[in-house]
Amino acid sequence: MEEVDVEPAITNIPAASDGKHLGFAWGPGDILAYETLYKASGAKGSGCSFIHEVRKDEDIYSPILRKLFNESHHIFVGLQTIREDLPSKNKKPQFVSISKNYRSVIRACMEELQQVAVSTKDAQVAMQYGNQVSILLAIELIWNLCEVLFIDAAPAGSLLLHLLDWVRLHKADVDEKAREVLQSESPAEHHDYWDVVVSYVLQGRLEEARQMLMKQAPLQPAARNMYKLMDTLLSKMPFYNPGGTQTLTEFDVKWRHWHEEVDRCLQDNSFASNQHLELICKILVGDEDTLLDHKELLSTWYHFLVTRLLFCHPTVKPTELHYYAQSCMTMFLDSRSVPEPLDSILLAAFEFDIHQVIKDCSIALNNWWFVAHLTDLLDHCKLLQSHNLHFGSNLREFLLLEYASGLFTHHSLWQLAVDYFDHCPEFGRVYLELQIERVPLDTERKALKVLRICEQRQMSEQVRSICKIMAMRALRNNRLGSALSWSIRAKDAAFATLISERFLQDYCAKGTFSDLDLIDNLGPAMLLSDRLTFLGKYREFHKLYGEKRFREAAKLLLSLMTAKIAPRSFWMTLLTDALPLLEQKEVIFSADQTHELMFCLEELTSSLNTTAPGTDRPMQEEDIELTKVELLRLALARNLAMAIVKEGTVET
């Protein structure tokens, strides 16, 4: 694809028009523009601290269009599950069905927008919704044509039938006008009566046209034979039946006989005395001047094209379409007017230039939804195989990445974008890794959603990053249990150590542990760091003590000190915890264990003595420490004596 050959739309920022100096910052989907402190020479007045958000894709913030994004996401995911190894003839009906599903979602969204536009009292909102309806109308028109020409790929004969359905679907005002006529007191005398009849004929709806003419015939007894002849001509017009036994050649011969009969009636002046019936006869022979005289009923050049094909070339081949499309557009549009973007896109489709259709739609439309989904479907139909971009990715992936990146800027639609990235094999994972880090983790629930997405895709670096952010946030809010849980999930030993320290400090200050459920159920996670191991084991000591399993508790307490798992700063607390065990009537600590406790106490007191001169601890605190040491020495000496007596007695 060549470079974009149109100028981008200009977005006016209020401050810029006042001559103020602006700075800007690029975001993942938006730009923030802000007024700087810089002042040009001679400038007066103080700067106003406004920040302007320039959004790339405003549509994702529309609550109604959000339904379009949600519904189409389900269809997209379903399309990716179609097996590659199926024969193309088996896949074609599935692709056509998926295309119709996409179009039904567009139609539903369009109808809802129309209802809101009509019911709202705010003129600006009504205009905004009206614009969105017209964009969706154009999108559905283009998609439907692409479905007929590229996805269904209808052959000659069937092609015209599909194009007639296409025009009828997008020219629905005839039915509204017909309803008005039929509901009036005298339909045949209604001022729009003949417009409805002619419109039906122009759309090839000859059965409806005949029924309307029946209302006029009784009012003109003198012209009864003329009406009867017209009814016969309309009823005899052949239409190709793809499912029938008739070949295309046989249909063509039959159609030519009918066409010659209509032409003969016109040459014989069979309808000369009735201008309306003569007009219908001229349309049936495909008279171009007559068709062009009714531009207001046709309303578009592509309606003119399909009507001209119906009455002049009903067996048109797909390869011949571009010639008729170009000539009809030239004849229908004013030679001085420039074709609208929609005209250029439809003409490119009739020329079977898929890449030009995608390029023009990318330029003309205000978001990537349409081109991303249509290109993905066409790629599955193997219609884009020959086209790779120069910058590493194919066209399908490039457009899906752009669309999904836009979704990631929305507070809830970002979850849909994940699936789009998953189905971009080349750059999808890289984009997902970059975008997922930008999702604001407003709540723990949202963080868990993001985390689950990362864990499912083995994105270990992002998992660690999210867990660290949440752990730090919980720690700042003094929610130690949550902080520890997140740090364990992040497998961050340093942070787990820090939080374990906070737990121990809290215990020293309050005498109880918070978040007991978490600490009780650490399991293998306690091996993440020495301090966490100590926290888990220390809590285990308290449980054993509470269950009066004193010997096991004593053994565990001693092992925490001798194995150097417990921090030195916590030794005094552990020794103090040993006091009740030392004071028991029954000997809990053996002589060897008591010796080890004494050694730990002496080691602790010697280290306290060496650090004491440099510290400015309050006198009261020092007295408490000395009292604890004295009590411990006394209890240890008493326990040692009792243990020696007990062990000696047992030996003899």
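**Helix packing and an enclosed cavity in the predicted model**

Helix H15 (residues 321-332) packs against helix H16 (residues 341-350) at an angle of about 155°, their axes lying 8 Å apart, where helices are DSSP runs of H or I with at least four residues and axes are lines fitted to C-alpha atoms over the stretch in contact, with angles running from 0 to 180 degrees between N-to-C directions. H15 is therefore roughly antiparallel to H16, a term applied to angles over 145 degrees. In this predicted model, local features need pLDDT of at least 70 and side-chain atom pairs count only at pLDDT 80 or more, whereas totals for chains, interfaces and linings use all residues. Residues are numbered from 1 along each chain, and side-chain values use heavy atoms, without hydrogens and water.

On the H15 side, Leu 321, His 322, Ala 325, Gln 326 and Met 329 meet Asp 343, Leu 347 and Phe 350 of H16, contact being heavy atoms within 4.5 Å. In helix H17 (residues 354-364), the buried residues include Ile 354, Val 357, Ile 358 and Lys 359, buried meaning under 20% relative accessible area with a 1.4 Å probe, protein chains only. The buried residues of H17 pack against helix H4 (123-151), H16, helix H18 (369-380) and helix H19 (395-407).

The second largest cavity holds about 70 Å³ of space, a cavity being a set of points on a 1 Å grid over the protein atoms alone where a 1.4 Å probe fits but cannot get out, and its volume the space filled by probe spheres set on the points, which are joined across faces, edges and corners.

Key:
Helices (H or I, at least four residues) and strands (E, at least two) are DSSP runs, numbered from the N terminus. Angles under 35 degrees count as roughly parallel, over 145 as roughly antiparallel, 65 to 115 as roughly perpendicular and the rest as oblique. Buried means under 20% relative accessible area, exposed over 50%, partly exposed in between (1.4 Å probe, protein chains only). On a 1 Å grid over the protein atoms alone, a cavity is a set of points where a 1.4 Å probe fits but cannot get out, and a pocket is an open set with protein on both sides within 12 Å along at least five of seven lines; lining residues have an atom within 4 Å of a point.
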